[in-house]
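Take the structure below and follow its helices and side-chain contacts in order. The text is meant to be read beside the coordinates.

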Amino acid sequence: MKFFKEVIQTMKDTTWENARETRKDTSTVVTMSILLVIFFAVIDAAVQGLISFI
């Protein structure tokens, strides 16, 4: 029973982000993911070009 009481207390003490913060964090993750995809695509193309040149 102690475990369940602690879980309930922890859930009460937890603060959750509001919708605005969630949207901001989500847009940051999506933007960084897109930038990383572009970065790795450019690096991949450069390496492939270098390998085919050799």
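What follows goes through the helices, the salt bridge and the aromatic pairs.

This is a predicted model, in which local features need pLDDT of at least 70 and side-chain atom pairs count only at pLDDT 80 or more, while totals for chains, interfaces and linings use all residues. Residues are numbered from 1 along each chain as its sequence is written, and side-chain values use heavy atoms, with hydrogens and water left out.

Helices here are DSSP runs (H or I, at least four residues), numbered from the N terminus. Helix α1 covers residues 2–13. From the first C-alpha to the last, the twelve residues of α1 reach 16 Å, close to the expected 16 Å at 1.5 Å a residue; the expected span is 1.5 Å times one less than the number of residues. Accessibility is sorted by relative accessible area with a 1.4 Å probe and protein chains only: buried is under 20%, exposed is over 50%, and partly exposed lies in between.

A salt bridge requires a side-chain nitrogen of Lys or Arg within 4 Å of a carboxyl oxygen of Asp or Glu. The count by this rule is one. Lysine 2 and glutamate 6 form it, with their closest N and O atoms 3.9 Å apart. The two residues are about one helical turn from each other, because they lie four residues apart in α1. Lysine 2 is exposed at 62% relative accessible area, whereas glutamate 6 is partly exposed at 42%.

A pair of aromatic rings is described by the distance of the centres and the angle of the planes. Rings of Phe, Tyr and Trp (its six-membered ring) pair if their centres lie within 6.5 Å; planes under 30 degrees apart are stacked, over 60 edge-to-face, and the rest tilted. Over the whole structure, the search gives two aromatic pairs. In one, phenylalanine 3 and phenylalanine 4 have ring centres 5.4 Å apart and planes at 70°, so the pair is edge-to-face. Phenylalanine 3 is exposed at 55%, and phenylalanine 4 is exposed at 53%. Phenylalanine 39 and phenylalanine 40 also pair edge-to-face, at 5.2 Å between centres and 70° between planes. Of these, phenylalanine 39 is partly exposed at 46% and phenylalanine 40 is exposed at 52%.

Helix α2 spans residues 19–53 and contains lysine 24. Lysine 24 is exposed, at 60% relative accessibility.
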